[in-house]
Amino acid sequence: MAFQLTREIVDQIIFGMENQEQEFVVEVETGEVVRNSSTEEGREYVPIPEWRSVDGYHLMERFVTSLRNPIYRERLRDILASGRGVFRQFKDAIKEQREIERMWFRFKEREMRRVVHEWYNELREQWGLERLEFELEEETDDLVREDFVLGEDSEITAEELSVYRSRMLEAALSELPETERAVIEAGWPVVDATENRICWSARTPEGERAAVLCARFADSGTDGPLVLEVLYAE
């Protein structure tokens with residue numbers, strides 16, 4: 001009887017595929033993944049899907065093509081075209097942006113699962129069984145997130161902070177009656193200089209700020225509690 005392809009078995013097969021030093025096989029009846037050197041007589045085994053360095057390279061190419069962030073897309077393309085130390089350079093580059101690194105691991109896992117599923121269906125056809133349909137998780141939220149580059153913004157000025165604050169305040173109070181707006185605006189603290197303040201921004205691929213988040217110390221010193229302010233967002 002053919003083994004059932006569980007998520008645990010898929011994970012074990014993928015682990016074996018990425019191991020370039022040893023060969024792994026799957027026991028047909030149980031689905032147990034073992035080293036080729038550890039097989040037992042009287043049992044039937046099938047080799048796991050072949051996965052070479054060139055397959056990993058093509059996987060990186062497809063991932064880079066899927067990126068909507070032109071800054072990292074072009075940077076990663078340059079790395080892939082460099083010809084030396086490509087895998088290490090690629091790994092180091094995506095580590096700089098946690099979101100892109102997370103997207104890569106999810107993309108890689110999804111694509112390798114697709115390979116395993118196709119391999120399993122080919123086996124089922126050889127055994128005279130029907131092919132199965134597998135559902136793979138698709139990315140939706142990342143399509144928006146990767147359009148922005150997030151990071152600390154040390155270039156922001158006190159004048160810019162004041163402008164961003166005014167825009168945010170205007171948007172927040174736009175639907176209130178004039179009397180209530182006047183009371184709130186009068187009591188709203190004035191944005192101070194950039195001292196004792198740390199700011200982060202989300203920038204578009206063109207380098208424009210789309211959102212600004214600041215943290216300032218509630219007291220005059222730097223030992224007091226931090227106060228977070230969303231000063232600007234579009």
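What follows is a chat about how the parts of this predicted model pack together.

Biologist: Which residues have the most contacts inside the largest nonpolar core?
Modeller: This is a predicted model, and in it the largest nonpolar core has 36 residues, with Ile 13, Phe 63, Leu 76, Phe 90 and Trp 119 having the most contacts inside it. At least two residues of this core come from each of α1 (7–18), β1 (24–27), α2 (53–66), α3 (70–82), α4 (86–95) and α5 (98–126).

Biologist: And which element gives the most to this core?
Modeller: That is α5, which supplies nine residues.

Biologist: What is Trp 119 in contact with, leaving aside its neighbours within four places in sequence?
Modeller: With those neighbours left out, Trp 119 is in contact with Phe 3, Ile 13, Val 26, Val 46, Pro 47, Ile 48 and Pro 49.

Biologist: OK, on to the strands: which residues of β1 are buried, and on which sides?
Modeller: Phe 24 and Val 26 are buried on one side of β1, while Val 25 and Glu 27 are buried on the other, and in this way both faces of the strand are covered.

Biologist: How many bridges join β1 to β2?
Modeller: Three bridges join them, and the two strands run antiparallel, with β2 made of residues 33–35. As one of the pairings, Phe 24 has Arg 35 as its bridge partner in β2. The hairpin of β1 and β2 has five residues between the strands, and in this hairpin Gly 31 takes a positive phi near 85 degrees.

Biologist: What about β1 and β3, in which sense do they pair?
Modeller: They pair in the antiparallel sense over three bridges, β3 being residues 45–47, and the bridge partner of Glu 27 in β3 is Tyr 45.

Biologist: Switching to rings, how many aromatic pairs does the count come to?
Modeller: The count comes to eight aromatic pairs. One of them is formed by Phe 63 and Trp 104, which are edge-to-face at 5.3 Å centre to centre, with 65 degrees between the planes. Phe 63 lies in helix α2 and Trp 104 in helix α5, so this pair ties together parts that are 41 residues apart in sequence.

Biologist: Is Phe 63 buried or exposed?
Modeller: Phe 63 counts as buried because its relative accessibility is 1%, which is under the 20% cut-off. Trp 104 is also buried, with a relative accessible area of 8%.

Biologist: Last one: which residues do ring pairs link into a cluster?
Modeller: The cluster is made up of Phe 3, Trp 119, Tyr 120, Trp 127 and Phe 134.

Technical notes. Residues numbered from 1 in each chain as written. Predicted model: local features only at pLDDT ≥ 70, side-chain atom pairs only at ≥ 80, totals over all residues. Heavy atoms only, no water. Core = buried A, V, L, I, M, F, W, Y, C linked by side-chain atoms within 4.5 Å. Buried < 20%, exposed > 50% of the residue type's maximum accessible area, 1.4 Å probe, protein only. Helix = DSSP H or I, 4+ residues; strand = E, 2+ residues; numbered from the N terminus. Contact = heavy atoms within 4.5 Å. Pairing = 2+ DSSP bridges. Phe/Tyr/Trp six-rings, centres within 6.5 Å; stacked < 30°, edge-to-face > 60°.
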